[in-house]
Amino acid sequence: MTAEALDPLIHAPARLRIMATLAALPEGVALSFTRLQDMLELTPGNLISHLRKLEDAGYLTTTKTGNGTASRTSIGLTGRGRAALEAYRDALRGLLGGL
Amino acid sequence: MNDTRDPEEAATDDGGALDPREAARLLEQTSREARRQFSLTPPLVTAVMGLVILAAYAALWLSVLGQHPYSGPNLGVIALVYVTVAVGSAVGVKVYQRARAGVSGSAVALGAAEGIALLVSIGGSPVIQGALHYYGASSALVYGVIPAAGPLIVVGTTLAGMAASKSDWPQFGAALAVVTGGGVALFMGPINAWLVAGIALFVGVVGYAAASAWQRRAAARV
């Protein structure tokens with residue numbers, strides 16, 4: 001097995017950390033953009049860019065509630081995203097076992 | 001999220017050179033840290049709570065040791081226990097607020113419902129105690145066996161049900177240990193019931209802290 005077996009969408013430090021953080025929550029639970037940003041210590045622009053890539057792949061969903069200054073964005077891992085992270089973890093295990 | 005492109009986006013990493021070992025380390029570290037931050041029962045805080053509970057029950061036991069006839073724990077010790085409960089509750093609220101900041105979804109609403117169920121069950125034992133007092137039961141029952149063992153059985157059963165519904169086996173095991181300890185305490189007499197109940201709670205709470213810490217570490221491992 002080679003490193004190509006690793007999902008390139010997840011195999012990037014920031015996105016790997018986003019996925020791992022959201023996967024630590026139970027299914028059906030979302031996290032606010034602000035808390036996620038605080039936990040990962042990423043800039044808003046950087047975080048938005050990575051979230052957009054993961055959302056485009058169907059790995060997570062973002063929900064915006066409220067308007068103006070009271071608006072709040074929540075991010076949650078989808079079933080597909082959870083499965084993709086599990087597959088990534090398995091691929092990593094296989095790869096490290098072969099090293 | 002806004003739709004305007006941020007200049008920083010150009011600098012986002014795609015991790016082309018991310019080594020698999022480094023990825024595994026990052027995944028483990030992030031998973032562990034996230035689970036720690038989202039946890040409503042941090043192992044260290046839980047273990048300390050276990051020790052505090054043991055100390056409180058030991059104080060209650062010492063205050064009734066040698067009583068004949070049995071009259072119940074003295075007011076000073078009861079006040080100390082209430083202060084301990086108040087401090088423990090404040091710590092619990094703080095941990096809850098920190099863990100749940102920015103977290104939303106159906107599971108959070110379920111957690112709130114569980115919290116209410118738990119509060120109701122905590123009130124169950126004093127109600128039974130009050131009824132026993134009303135019907136003229138002895139001090140050994142009203143101020144000894146029931147307040148010592150009752151909360152363990154009532155609250156422990158509630159926690160066991162919640163744990164089973166979530167497949168939280170460390171909590172399920174701990175709750176069963178507490179219920180069993182409460183059952184044993186019922187037959188130990190009004191004095192030793194306090195000691196047995198304290199030990200059962202200590203074993204349940206510290207055992208839960210150890211098991212959940214191990215489980216968390218295992219879940220984060222690649």
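Visitor: Before that, what kind of model is it?
Guide: It's a predicted model.

Visitor: OK, chain A. How many helices and strands?
Guide: Chain A has four helices and three strands. Along the sequence they come in the pattern α-β-α-α-β-β-α.

Visitor: And what box do its C-alpha atoms fill?
Guide: Roughly 50 × 25 × 20 Å, along the principal axes. Of the 99 residues in chain A, 39% are buried. Also, if you take contacts in chain A with a separation of 6 or more, 57% of them are between residues 24 or more positions apart.

Visitor: How many bridges join strand 1 of chain A and strand 1 of chain B?
Guide: Three bridges, in the antiparallel sense, with residues 29-32 making up the strand in chain A. Val29(A) has Gly105(B) as its bridge partner, and Leu31(A) stands opposite Val103(B).

Visitor: What about the whole contact between the chains, how many residues on each side?
Guide: There are 37 residues of chain A in contact with 31 residues of chain B. On the chain A side, helix 1 (13-23), strand 1, helix 2, helix 3 (44-56), strand 3 and helix 4 (79-97) each supply at least two residues. By class, that side of chain A has 19 nonpolar, 14 polar and four charged residues.

Visitor: Switching to chain B. At what angle do helix 2 and helix 3 of chain B pack?
Guide: About 170°, with the axes 10 Å apart; helix 2 of chain B covers residues 43-64 and helix 3 of chain B covers 75-100. The two helices are therefore roughly antiparallel to each other.

Visitor: Which residues make that contact?
Guide: From helix 2 of chain B, they include Val45(B), Met49(B), Val52(B) and Leu60(B), and from helix 3 of chain B, Val77(B), Leu80(B), Gly88(B) and Val95(B) are among them. By class, the contact has 11 nonpolar, three polar and no charged residues.

Visitor: I'm curious about Gly144(B). Buried or exposed?
Guide: Gly144(B) counts as buried because there are 26 C-beta neighbours inside 10 Å. Gly144(B) sits in helix 5 of chain B, residues 139-166.

Visitor: What does Gly144(B) contact, leaving aside neighbours within four places in sequence?
Guide: Tyr70(B), Gly72(B), Ser139(B), Pro190(B) and Ala193(B). Gly144(B) and Leu60(B) are 84 residues apart in sequence, and their C-alpha atoms are 9.9 Å apart.

Visitor: Last one, where does Leu118(B) sit?
Guide: In helix 4 of chain B, residues 106-134. Leu118(B) is partly exposed, with 14 other C-beta atoms within 10 Å. From Leu118(B) to Met162(B), 44 residues apart along the chain, the C-alpha separation is 9.4 Å.

Methods:
Residues numbered from 1 in each chain as written. Chains lettered and ligands numbered in written order. Predicted model: local features only at pLDDT ≥ 70, side-chain atom pairs only at ≥ 80, totals over all residues. Axes fitted to C-alpha atoms, helices over the stretch in contact; angles between N-to-C directions. Parallel < 35°, antiparallel > 145°, perpendicular 65-115°, else oblique. Contact = placed C-beta atoms within 7 Å. Nonpolar A, V, L, I, M, F, W, Y, C, P; charged D, E, K, R; others polar. Pairing = 2+ DSSP bridges. Buried ≥ 20, exposed ≤ 12 C-beta atoms within 10 Å, placed from the backbone.
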